[in-house]
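Please keep the sequence and the coordinates in view while reading.

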Amino acid sequence: MSRITNVFKLPFWAQIVTGLVLGVLLGWLARSQDISWLKTTLDQVGGIFVQLLKLAVAPLVFFAIVVSITNLRKVNNAARLASRTLLWFMITSLIAVGIGLAIGLLTNPGAGTGLTPKDGEKPEKAGSWIDFLTGIVPTDVITPFTELNVLQIVFMAAVAGIAALKLGDRAKPILTLSEAVLELLQKALWWVIRLAPLGTVGLIGYAIADYGWELIGKYATFTADVYIGCALVMFGVYPLLLATVAKVNPVQFFKGAWPAIQLAFVSRSSVGTMPVTQKVTERLGVPKDYASFAVPFGATTKMDGCAAIYPALAAIFIAQIFDVQLGISDYLLIAFVSVIGSAATAGLTGATVMLTLTLSTLGLPLEGVGLLMAIDPILDMMRTATNVAGQVVSPLIVAARENILDRHAYNAVAASPADEYDARDAEPKVALPTAA
């Protein structure tokens with residue numbers, strides 16, 4: 001009995017890895033033996049986990065942005081911190097898109113795939129600059145929540161937060177309610193996050209069962225390019241910036257941020273991972289008042305994987321399939337779209353909107369999106385992990401440069417926040433008096 005109990009006491013990261021291995025095995029079994037019920041079960045388990053994450057997205061984003069903006073009043077030099085955060089978001093995005101372009105030009109991912117323009121298919125929804133700009137402002141206050149339009153939710157939350165700041169003490173009841181609702185949502189989402197090992201089994205297992213290694217083989221160069229590009233940013237660029245600009249030990253960053261990176265890889269949702277991202281950012285020494293602004297802001301706009309590396313590689317891939325020659329001006333346009341238009345990805349699973357925005361700006365056929373849809377879930381795991389890593393790195397750099405980083409906390413970080421949360425929940429509670 002004690003051995004069974006010890007299994008459930010595994011560290012959270014070990015539970016995720018166990019789920020990953022089990023998912024691969026079950027996915028391979030379902031595909032190789034053609035076990036349809038197992039494939040369906042894996043799909044349902046993974047789908048329920050993602051749906052539970054999405055259920056909290058709309059209210060979580062709204063109240064997180066409202067509270068984060070109002071929390072800036074407690075921070076010295078709030079405007080300076082906000083502008084520096086945005087600046088570092090843009091700098092790291094520019095570096096990431098540069099790496100994506102360089103890898104694409106070196107490897108020619110569209111060559112030798114056997115794919116033709118006939119294999120492509122237009123997506124149901126396509127992004128354009130007009131849609132992006134006009135789509136920020138909602139037509140009503142309900143639709144953005146029912147249709148999960150995160151960009152419009154961010155807009156409404158920003159307006160509400162700024163209005164609350166202007167109202168001052170008169171807005172205190174609303175702010176108190178917002179903080180309470182946010183805590184409630186984060187508490188509920190932590191329960192969902194604890195299901196991540198099961199979600200991992202379903203998501204990874206279904207990906208293997210449905211797509212198989214054959215499909216990955218057809219897209220081998222492109223898949224490798226995305227993973228290598230994201231790895232270079234996550235394990236090369238970020239540690240270099242932390243060591244040279246923030247002047248901190250990059251190893252400690254991975255010790256602290258790994259639970260969020262790991263969950264992002266599995267869930268494929270920056271917004272769904274946001275509570276863990278904020279927790280690890282605070283544990284790494286970033287002041288809570290600043291982290292509560294920078295992390296929600298980053299979860300909806302900071303997308304080095306989905307909005308920089310991926311569209312750069314995808315544009316080159318699609319151009320090669322459709323035999324379109326790209327020039328220097330096209331590569332500069334890709335960089336521009338990646339840095340300025342990343343908010344269009346909105347932190348949700350997938351990066352189709354950002355890709356269509358890039359393709360339409362370059363004048364490339366939107367049918368090219370259909371070529372990449374089949375492989376998208378496998379790519380999205382690494383893209384989202386890179387997104388979240390960048391969402392932690394940028395506040396760390398800003399906090400270090402502004403001398404507000406708690407370096408003692410950074411150097412002492414060790415345990416997973418999920419494990420800490422479980423330990424805190426397990427602490428003895430004061431019993432409530434019972435009626436006689």
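Phe 62 and Phe 63 are both buried in this predicted model. A pair of aromatic rings is described by the distance of the centres and the angle of the planes. The structure holds 10 aromatic pairs. For the rings of Phe 62 and Phe 63, the centres are 5.3 Å apart and the planes stand at 90°, so this pair is classed as edge-to-face. Elsewhere, Tyr 219, Phe 222, Tyr 310 and Phe 317 come together as one aromatic cluster.

The largest nonpolar core contains 119 residues, and Phe 222 is listed with Leu 242, Phe 253, Leu 372 and Leu 396 as having the most contacts inside it. Helix α3, spanning residues 36-71, contributes the largest share of this core, namely 15 residues. When neighbours within four places in sequence are set aside, the contacts of Phe 222 are Pro 109, Tyr 310, Leu 313, Ala 314, Phe 317, Leu 372 and Leu 379.

The protein chain has 20 helices and zero strands. Of its 436 residues, 54% are buried. Among contacts with a separation of 6 or more, 85% are between residues 24 or more positions apart. The chain exposes about 19,700 Å², of which carbon and sulfur atoms supply 65%.

Part of the surface is a nonpolar patch made of Trp 13, Val 17, Val 21, Leu 25, Phe 235 and Trp 258, which together have about 590 Å² of accessible area. Helix α2 (residues 12-32) provides the largest share of the patch, with four residues. Val 21 is placed in helix α2.

Side chains of opposite charge can pair when their charged atoms come close. The count comes to seven salt bridges in this model. One of them joins the side chains of Arg 80 and Glu 402, with an N to O distance of 2.8 Å. Because Arg 80 lies in helix α4 (residues 78-107) and Glu 402 in the loop between α18 (376-401) and α19 (407-412), the pair ties together parts that are 322 residues apart in sequence. Arg 80 is partly exposed, with a relative accessible area of 38%, whereas Glu 402 is buried at 16%.

Glu 402 also meets Arg 84 in a salt bridge, at 3.3 Å from N to O. Arg 84 is in helix α4 and Glu 402 is in the loop between α18 and α19, so this pair links parts that are 318 residues apart in sequence. The relative accessible area of Arg 84 is 27%, and the residue is partly exposed. Another group, consisting of Arg 268, Asp 376, Asp 380 and Arg 383, is linked in a network of salt bridges.

Lys 302 pairs with Asp 304, the closest N and O atoms being 2.8 Å apart. Lys 302 counts as buried because its relative accessibility is 0%, and Asp 304 is likewise buried, with a relative accessible area of 0%. Where does Asp 304 lie in the chain? Asp 304 is found in the loop between α13 (288-301) and α14 (305-321).

The surroundings of Asp 304 draw on several parts of the sequence. Apart from neighbours within four places in sequence, Asp 304 is in contact with Thr 92, Ser 93, Ala 96, Tyr 238, Ile 309, Thr 386 and Asn 387.

Terms used:
Residues numbered from 1 in each chain as written. Predicted model: local features only at pLDDT ≥ 70, side-chain atom pairs only at ≥ 80, totals over all residues. Heavy atoms only, no water. Helix = DSSP H or I, 4+ residues; strand = E, 2+ residues; numbered from the N terminus. Buried < 20%, exposed > 50% of the residue type's maximum accessible area, 1.4 Å probe, protein only. Contact = heavy atoms within 4.5 Å. Areas by Shrake-Rupley, 256 points an atom, 1.4 Å probe, with all protein chains shown as cover. Core = buried A, V, L, I, M, F, W, Y, C linked by side-chain atoms within 4.5 Å. Patch = residues over 30% accessible without salt bridge, like charges linked within 9 Å, V, L, I, M, F, W, Y side chains within 5 Å. Salt bridge = Lys/Arg side-chain N within 4 Å of Asp/Glu carboxyl O. Phe/Tyr/Trp six-rings, centres within 6.5 Å; stacked < 30°, edge-to-face > 60°.
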